[in-house]
Amino acid sequence: IFQFQLEAVLDKEKQAAVNLLHEGKRNKALLCLRKKKYQEQLLEKTTVQLANLQQMVKRIFLQLIIKCC
């Protein structure tokens, strides 16, 4: 769910940058692109953390199975 929300924000920031560029507001367009880059980095970081958590859960689950048997 979080990924979908961030992807929507990325699309909005990109479109806002394009619109601002057409209006001649280069500085504001650059700000939107910086925001977009930050959101992309946040999405990547969150994805990596989620993958790490999933691996940890798998390891714990396997250890529980081994101890029970």
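Visitor: Hi! Where does A16 sit?

Guide: A16 is in helix α1; helices here are DSSP runs (H or I, at least four residues; strands are E, at least two), numbered from the N terminus. This is a predicted model, where local features need pLDDT of at least 70, side-chain atom pairs count only at pLDDT 80 or more, and totals for chains, interfaces and linings use all residues. Residues are numbered from 1 along each chain as its sequence is written, and side-chain values use heavy atoms, with hydrogens and water left out.

Visitor: Is A16 buried, exposed or partly exposed?

Guide: A16 is partly exposed, at 27% relative accessibility. Buried means under 20% relative accessible area, exposed means over 50%, and partly exposed is in between (1.4 Å probe, protein chains only).

Visitor: How far apart are A16 and L33 in space?

Guide: They are 8.9 Å apart, C-alpha to C-alpha, and 17 residues apart in sequence.

Visitor: OK, and at what angle do α1 and α2 cross?

Guide: Roughly 165°, with the axes of α1 (residues 2-22) and α2 coming within 8 Å. Axes are lines fitted to C-alpha atoms, for helices over the stretch in contact, and angles run from 0 to 180 degrees between N-to-C directions. So α1 is roughly antiparallel to α2 (over 145 degrees; under 35 is roughly parallel, 65 to 115 roughly perpendicular, the rest oblique).

Visitor: Which residue classes make up that contact?

Guide: It has 13 nonpolar, four polar and eight charged residues. Ala, Val, Leu, Ile, Met, Phe, Trp, Tyr, Cys and Pro count as nonpolar, Asp, Glu, Lys and Arg as charged, and the others, Gly among them, as polar.

Visitor: What does Q39 touch?

Guide: Q39, in helix α2, touches L6, V9 and L10, leaving aside residues up to four places away in sequence. Contact means heavy atoms within 4.5 Å. Q39 counts as buried, at 17% relative accessibility.

Visitor: New topic: how many salt bridges are there?

Guide: Two. A salt bridge is a side-chain nitrogen of Lys or Arg within 4 Å of a carboxyl oxygen of Asp or Glu. K25 pairs with E23 at 3.6 Å, N to O, and E40 pairs with K36 at 2.9 Å, N to O.

Visitor: Where do E40 and K36 lie?

Guide: Both are in helix α2 (residues 26-68), four residues apart, about one turn of the helix. E40 is partly exposed at 35%.

Visitor: And is E23 buried or exposed?

Guide: E23 is exposed at 52%, while K25 is partly exposed at 40%.
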